[in-house]
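Welcome! Please take a moment to look over the sequence and the 3D view below before reading on.

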Amino acid sequence: WMLTVPLSRLASGMDMLSLLRFQDEPDGSLLPSRSWVAEVSNCEASFLSLERGLRAFVKYVPRDVVQMMLNGEMRSIYGMTRQLVSILFMDIVGFSTLCEHLQCEALQQLTHEYLQAMCEVIVNSQGTLDKFIGDCIMALWNVPRPVKHHE
């Protein structure tokens, strides 16, 4: 059991990590216990480091894009490819003026609800969230994955 239990937990954790499920998320990976076997303990430490790195990466790169990279569906290519894409820049009209009149908590709640609702629409229409710039959202369609009728 000194090998099988830690290795089994490590394998389970790797399976969950391949789905980008993290330890503090529902159904997330199990934290491997520290093994007394040095090689297994080293694997556990590497696993935790990998998980920390991926957790940070998905904060800055859309989760579905990271998943495509993990699945080998995307590869880095130096240069450019010509293709038709749809790009959306969207913000709240009069947001600066609104900021001057709302309390911080109300502004934060309004911004959160707006960004959450818009992101849901973008993701459900197979768009890729590129970035937030204050109240502005930038989204792309037909890149990095093909989307029919994105125009």
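How many of the six residues of E3 are buried? Six of the six are, so E3 is largely enclosed by the rest of the structure. Here, buried means under 20% relative accessible area, with exposed being over 50% and partly exposed in between (1.4 Å probe, protein chains only).

Before the tour, a word on the model: it is predicted, so local features need pLDDT of at least 70 and side-chain atom pairs count only at pLDDT 80 or more, while totals for chains, interfaces and linings use all residues. Residues are numbered from 1 along each chain as its sequence is written, and side-chain values use heavy atoms, leaving out hydrogens and water.

**Strands**

- Helices (H or I, at least four residues) and strands (E, at least two) are DSSP runs, numbered from the N terminus.
- Strand E3 covers residues 136-141, and it runs antiparallel to strand E2 (residues 128-133), joined by five bridges; two strands pair if DSSP finds at least two bridges between them.
- Along this pairing, Ile133 stands opposite Cys136, and Phe132 has Ile137 as its bridge partner.
- E2 and E3 make a hairpin with two residues between them, and Gly134 in the turn has a positive phi of about 65 degrees.
- E3 also pairs with strand E1 (residues 86-90), again in the antiparallel sense and over five bridges, with Ser86 opposite Trp141.
- Cys136, Met138 and Leu140 point one way from E3, whereas Ile137, Ala139 and Trp141 point the other way, and all are buried.

**Helix H3**

- Helix H3 spans residues 63-70, and its buried residues are Val65, Val66, Gln67 and Met68.
- The cover over these buried residues includes helix H1 (4-18), helix H2 (38-60) and strand E2, where contact means heavy atoms within 4.5 Å.
- Just after H3 comes Gly72, with a positive phi of about 80 degrees.

**Nonpolar cores**

- A nonpolar core is a set of buried Ala, Val, Leu, Ile, Met, Phe, Trp, Tyr and Cys residues joined through side-chain atoms within 4.5 Å.
- The largest has 11 residues, among them Leu10, Phe47, Val65 and Val66.
- H1, H2 and H3 are the elements that give two or more residues to this core, and H2 gives the most, with four.
- A second, separate core of 10 residues includes Leu107, Leu115, Ile122 and Val147.
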